[in-house]
Amino acid sequence: MLDSQATKTTPSLLYMVKQVELVVRSHLDELVRPSGITALQYTALTVLERHDGLSAAQLARDSFVTAQSIADLVRSLENRGLVRRERNPQSRRELLILLTDAGRELLGQYAGPVRELEERMVRDLTAHQTEQFRQALSKAWHALS
């Protein structure tokens, strides 16, 4: 158990995770701004790169946005030609969201700079510590999901 003095001087893990999230999002927004998209839109594109053909609800969940805001996000990406929507052959009422060639090209343009941002984030960690960090974040996510 932590003593009261340590609790007062050490920020909580939740606070520290939020700090990292906010600084990463700020850097990512700055990085992708020249392309005319936001960090949230970039995240949605990377989700589609890994799992193409998602429903809006699935994309919202995996992109960390609300179901309400995903419609505007997808519409914006569709207007830019980065995604397209088509009917799900198994469920004609459902629209699937797919990455276009232009979307893949944009992701390709930013793959190096985004990798450099990630490397900068962990540059003071060894390869082993970086892998432990990745595993710890995954376990923390699973514990709360």
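A salt bridge is taken here as a side-chain nitrogen of Lys or Arg within 4 Å of a carboxyl oxygen of Asp or Glu. The structure is a predicted model, in which local features need pLDDT of at least 70 and side-chain atom pairs count only at pLDDT 80 or more, while totals for chains, interfaces and linings use all residues. Residues are numbered from 1 along each chain as its sequence is written, and side-chain values rest on heavy atoms, with hydrogens and water left out.

For orientation, UniProt, in an unreviewed entry, places the feature "domain: HTH marR-type" at residues 10-142; UniProt positions follow the numbering used here, feature names are shortened, and annotations may be inferred rather than shown by experiment. This span is 68% helix and 11% strand, and its end C-alpha atoms lie 24 Å apart. Helices (H or I, at least four residues) and strands (E, at least two) are DSSP runs, numbered from the N terminus.

Rolling a probe the size of a water molecule over the atoms shows where empty space is left. The largest pocket has a volume of about 2,500 Å³, and among its 42 lining residues the closest to its centre are Glu21, Val24, Phe64, Met121 and Leu137. A pocket, on a 1 Å grid over the protein atoms alone, is an open set of points where a 1.4 Å probe fits, with protein on both sides within 12 Å along at least five of seven lines, and lining residues have an atom within 4 Å of a point. Grid points are joined across faces, edges and corners, and the volume is the space filled by probe spheres set on the points.

At least two lining residues come from each of helix 2 (13-32), helix 3 (39-50), helix 4 (56-63), helix 6 (101-121) and helix 7 (127-144), with helix 2 giving the largest share, 12 residues. By class, the lining holds 24 nonpolar, eight polar and 10 charged residues, where Ala, Val, Leu, Ile, Met, Phe, Trp, Tyr, Cys and Pro count as nonpolar, Asp, Glu, Lys and Arg as charged, and the others, Gly among them, as polar.

Side chains of opposite charge can pair when their charged atoms come close. Seven salt bridges are found in a search of the whole structure, and one of them joins Glu21 to Lys18, with the closest N and O atoms 2.9 Å apart. These two residues stand three residues apart in helix 2, and are therefore separated by about one helical turn. Glu21 is partly exposed at a relative accessible area of 37%, and Lys18 is partly exposed at 42%; buried means under 20%, exposed over 50%, and partly exposed in between (1.4 Å probe, protein chains only).

A network of salt bridges links Glu118, Glu131 and Arg134. Glu118 meets Arg134 at 3.5 Å, N to O, and because Glu118 lies in helix 6 and Arg134 in helix 7, the pair ties together parts that are 16 residues apart in sequence. Glu131 meets Arg134 at 3.9 Å, N to O, and these two both lie in helix 7, three residues apart, about one turn of the helix. Partly exposed positions are held by Glu118, at 43%, by Arg134, at 48%, and by Glu131, at 37%.
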